[in-house]
Amino acid sequence: MKKPILFVCVKNSARSQMAEAFFNHFNDDPRFKAMSAGTEPAETIDPLAKAVMEEIGISLDGQRPKLYTREMADEAYIVITMGCLDKCPYAPPEKTWDWGLDDPYGKPIEKYREVRDEIRRRVLKLIEDLKSGKAREEIIGKTALITL
């Protein structure tokens with residue numbers, strides 16, 4: 001049975017899209033698949049998010065912002081919010097983890113690169129923890145809704 005990892009931000013046009021792309025690019029465990037969504041999805045992927053991912057050889061082509069729904073939250077094994085927990089209408093405490101990442105929107109491309117690199121670091125650690133067999137509670141912490 002697949003265990004969806006859901007990345008959520010407000011517009012689903014940058015941070016959560018990067019996280020989904022990193023997870024699906026680096027993960028080789030068939031039990032897990034990432035998806036992303038936004039509480040107020042944009043029309044399109046942020047061009048700077050797309051550009052900084054292309055710089056490292058990962059494409060966001062074919063991705064589109066999607067609306068975050070209660071059904072997505074219910075089906076997810078882990079819900080990771082990108083620093084927008086206060087705007088998240090569905091955050092099951094037993095499986096939600098807020099990464100507290102800055103939104104790069106409207107900032108210079110260097111900020112997008114900084115956020116991209118931090119997302120990659122966290123996603124690789126998440127994949128390592130999942131593959132090692134750590135339980136969800138161990139991964140997100142005994143107290144849910146924590147920030148790294």
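Visitor: Why is asparagine 12 called buried?

Guide: Buried means under 20% relative accessible area, exposed means over 50%, and partly exposed is in between, with a 1.4 Å probe and protein chains only. Asparagine 12 has a relative accessible area of 0%, so the residue counts as buried. A word on the basis: this is a predicted model, in which local features need pLDDT of at least 70 and side-chain atom pairs count only at pLDDT 80 or more, while totals for chains, interfaces and linings use all residues. Residues are numbered from 1 along each chain as its sequence is written, and side-chain values use heavy atoms, with hydrogens and water left out.

Visitor: Where does asparagine 12 lie, and what is its phi?

Guide: Asparagine 12 sits in the loop between S1 and H1; helices (H or I, at least four residues) and strands (E, at least two) are DSSP runs, numbered from the N terminus. Its phi is positive, about 50°, although asparagine 12 is not a glycine. As background, most residues other than glycine have a negative phi.

Visitor: What makes serine 36 buried, and which residues does serine 36 touch?

Guide: Serine 36 has 1% relative accessibility, and therefore counts as buried. Its place is in strand S2. Contact means heavy atoms within 4.5 Å, and serine 36 touches Leu6, Phe7, Asn12, Ser16, Gln17, Glu20 and Lys66, leaving out residues up to four places away in sequence.

Visitor: What makes a group of residues a nonpolar core?

Guide: A nonpolar core is a set of buried Ala, Val, Leu, Ile, Met, Phe, Trp, Tyr and Cys residues joined through side-chain atoms within 4.5 Å. The largest one has 35 residues, and Ile5, Phe7, Phe23 and Leu126 touch the most other members. Strand S1 (3-9), helix H1 (15-26), strand S2 (32-38), helix H2 (47-55), strand S3 (78-81), helix H4 (109-131) and helix H5 (136-140) each supply at least two residues of this core. H4 gives the most, with 7 residues. A second, separate core of 9 residues includes Val8, Tyr68, Met72 and Val79. In soluble globular proteins, nonpolar side chains tend to be buried together.

Visitor: Is leucine 48 buried, exposed or partly exposed, and why?

Guide: Leucine 48 has 32% relative accessibility, so leucine 48 counts as partly exposed. This residue of helix H2 touches Lys107, Ile109 and Tyr112, not counting residues up to four places away in sequence.

Visitor: Why is isoleucine 139 called buried?

Guide: Its relative accessibility is 7%, so isoleucine 139 counts as buried. Isoleucine 139 is in helix H5, and its contacts beyond four places in sequence are Ile78, Trp97, Leu126, Asp129, Leu130 and Lys134.

Visitor: What makes a pocket, and which residues lie nearest the centre of the largest pocket?

Guide: On a 1 Å grid over the protein atoms alone, a cavity is a set of points where a 1.4 Å probe fits but cannot get out, whereas a pocket is an open set with protein on both sides within 12 Å along at least five of seven lines; lining residues have an atom within 4 Å of a point. The largest pocket is lined by 15 residues, with Lys11, Ser13, Asp46, Asp103 and Tyr105 nearest its centre. About 210 Å³ of space lies in this pocket, where grid points are joined across faces, edges and corners and the volume is the space filled by probe spheres set on the points.
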